[in-house]
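Subject: Structure for you, with some notes on salt bridges

Hi,

Here is the structure I promised to send over. Have a look at it first, then read my notes below.

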Amino acid sequence: QVQLVQSGGGLVGPGGSLRLSCAASGFTFSVYTMSWYRQAPGKERELVATIASVGGGTNYADSVKGRFTISREDAKNTVYLQMNSLKSEDTAVYYCNVKRRRPDGLVDYWGQGTQVTVSS
């Protein structure tokens with residue numbers, strides 16, 4: 001079965017950096033687009049970054065462009081989110097995500113979530 005196991009995160013001061021990792025299993029990682037989402041308290045979950053399979057093209061939310069970098073290492077079935085110049089508004093629970101097409105439609109699979117807190 002699909003598993004997405006996240007690591008990284010924690011508490012960091014404004015301007016600091018963190019790296020999140022998401023190790024995938026149970027599917028052919030290299031052919032799927034992978035994404036990172038986040039959800040702040042009282043807010044809806046929002047898409048942060050996406051990396052395509054073939055070619056590895058990336059897309060970012062405007063709020064993180066130039067500060068966050070999504071990357072993937074297909075040999076390790078792992079996707080990363082490097083977060084630099086962190087701001088208090090980046091505080092949220094971060095989730096990795098893969099969408100797989102099943103007979104009954106598109107299904108979202110989520111990691112367990114990782115808390116990122118940016119505070120002095």
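Is Lys99 buried, partly exposed or exposed? Lys99 is partly exposed, with a relative accessible area of 33%. (Buried means under 20% relative accessible area, exposed over 50% and partly exposed in between, using a 1.4 Å probe and protein chains only.)

A quick word on the background. This is a predicted model, where local features need pLDDT of at least 70 and side-chain atom pairs count only at pLDDT 80 or more, while totals for chains, interfaces and linings use all residues. Residues are numbered from 1 along each chain as its sequence is written, and side-chain values use heavy atoms, leaving out hydrogens and water.

Now the salt bridges: there are 6 in the structure. The term stands for a side-chain nitrogen of Lys or Arg within 4 Å of a carboxyl oxygen of Asp or Glu.

Lys99 pairs up with Asp108, with 2.6 Å between the closest N and O atoms. Asp108 is partly exposed too, at 36% relative accessibility.

(Strands are DSSP runs of E, at least two residues, numbered from the N terminus.) Asp90 is buried at 0% relative accessibility, and Arg38 is buried at 6%.

Finally, Asp62 and Lys65 form a salt bridge at 3.2 Å, N to O, and Asp62 is exposed at 65%.

Cheers
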